[in-house]
Amino acid sequence: TGRIPGMPDWMALVLAFWCVREPLRVGMGTAFFMGLLVDLGHGSALGQHPLGYVILAYLANTVSRRVLWFAPFEQALHILPLLLLSEVVMTAVRLLAGAEFPGWWIFLGPFVAAALWVPLHFVLLLPQYQPVERDDNRPI
């Protein structure tokens with residue numbers, strides 16, 4: 001994950017969002033593949049992000065029906081423990097691979113990500129909002 005204190009794991013955040021919103025389309029397979037891409041992109045220990053993301057996707061899919069009953073702010077409170085657990089798993093894999101402990105600030109990222117859940121919620125759902133009056137000249 002990022003080396004900047006408090007930097008959220010954007011992939012985990014977007015993955016959790018779509019696992020909650022579309023649990024039948026986005027799941028553990030998508031999480032594993034995205035985790036591999038993040039590992040390759042970061043040059044990190046192969047397997048740390050896929051494991052963390054698969055656990056995140058499984059738990060997000062499990063609670064998705066419950067979480068959707070709440071407003072976005074309350075959804076963020078439900079997602080925070082999932083993001084935190086994912087970060088703990090990825091840090092544990094990194095430590096088992098022989099890396100040094102990155103510092104406690106690494107666990108600030110999930111809190112920032114949970115705070116970004118509400119604006120991300122509206123940004124990612126923006127294409128689904130349709131205007132009341134349909135304009136044939138407007139592509140969206």
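A residue counts as buried when its relative accessible area is under 20%, as exposed when it is over 50%, and as partly exposed in between, with a 1.4 Å probe and protein chains only. At 23% relative accessibility, serine 44 therefore counts as partly exposed. This is a predicted model, in which local features need pLDDT of at least 70 and side-chain atom pairs count only at pLDDT 80 or more, while totals for chains, interfaces and linings use all residues. Residues are numbered from 1 along each chain as its sequence is written, and side-chain values use heavy atoms, with hydrogens and water left out.

**Overall architecture**

The chain has 6 helices and 0 strands, where helices (H or I, at least four residues) and strands (E, at least two) are DSSP runs numbered from the N terminus. Read along the sequence, this gives the pattern α-α-α-α-α-α. The C-alpha trace spans about 60 × 30 × 30 Å along its principal axes, and buried residues make up 36% of the 140 residues in the chain. Of the contacts (heavy atoms within 4.5 Å) with a separation of 6 or more, 69% are accounted for by residues 24 or more positions apart.

**Helix packing**

Two packed helices are described by the angle between their axes and the distance between the axes. Here the axes are lines fitted to C-alpha atoms, for helices over the stretch in contact, and the angles run from 0 to 180 degrees between N-to-C directions.

Helix H1 (residues 10–21) packs against helix H3 (residues 48–67) at an angle of about 40°, with the axes 7 Å apart. That angle makes H1 oblique to H3, given that under 35 degrees counts as roughly parallel, over 145 as roughly antiparallel, 65 to 115 as roughly perpendicular and the rest as oblique. The contact is made by Met11, Ala12, Leu15, Ala16, Cys19 and Val20 of H1, together with Tyr53, Leu56, Ala57, Ala60, Asn61, Ser64 and Val67 of H3. By class, this contact has 11 nonpolar, 2 polar and no charged residues; Ala, Val, Leu, Ile, Met, Phe, Trp, Tyr, Cys and Pro count as nonpolar, Asp, Glu, Lys and Arg as charged, and the others, Gly among them, as polar.

The axes of helix H4 (residues 72–96) and helix H6 (residues 117–125) come within 8 Å and cross at roughly 115°. Pro72, Phe73, Gln75, Ala76 and Ile79 of H4 meet Trp117, Val118, His121 and Phe122 of H6, a contact with 7 nonpolar, 2 polar and no charged residues.

**Aromatic pairs**

Rings of Phe, Tyr and Trp (its six-membered ring) pair if their centres lie within 6.5 Å, and planes under 30 degrees apart count as stacked, over 60 as edge-to-face and the rest as tilted. By this rule the count comes to 4 aromatic pairs, including the two tabulated here.

| Pair | Centre to centre | Angle between planes | Class |
|---|---|---|---|
| Phenylalanine 17 and tryptophan 18 | 4.9 Å | 80° | edge-to-face |
| Phenylalanine 101 and tryptophan 104 | 5.0 Å | 65° | edge-to-face |

Phenylalanine 17 is buried, at a relative accessible area of 0%, whereas tryptophan 18 is partly exposed at 22%. Phenylalanine 101 is partly exposed at 36%, and tryptophan 104 is exposed at 68%. Ring pairs also link Phe17, Trp18 and Trp117 into a cluster.

**The surroundings of serine 44**

Serine 44 lies in the loop between helix H2 (28–42) and H3. Leaving aside neighbours within four places in sequence, serine 44 is in contact with Asp39 and His49. Serine 44 and leucine 96 are 52 residues apart in sequence and 13 Å apart in space, C-alpha to C-alpha.
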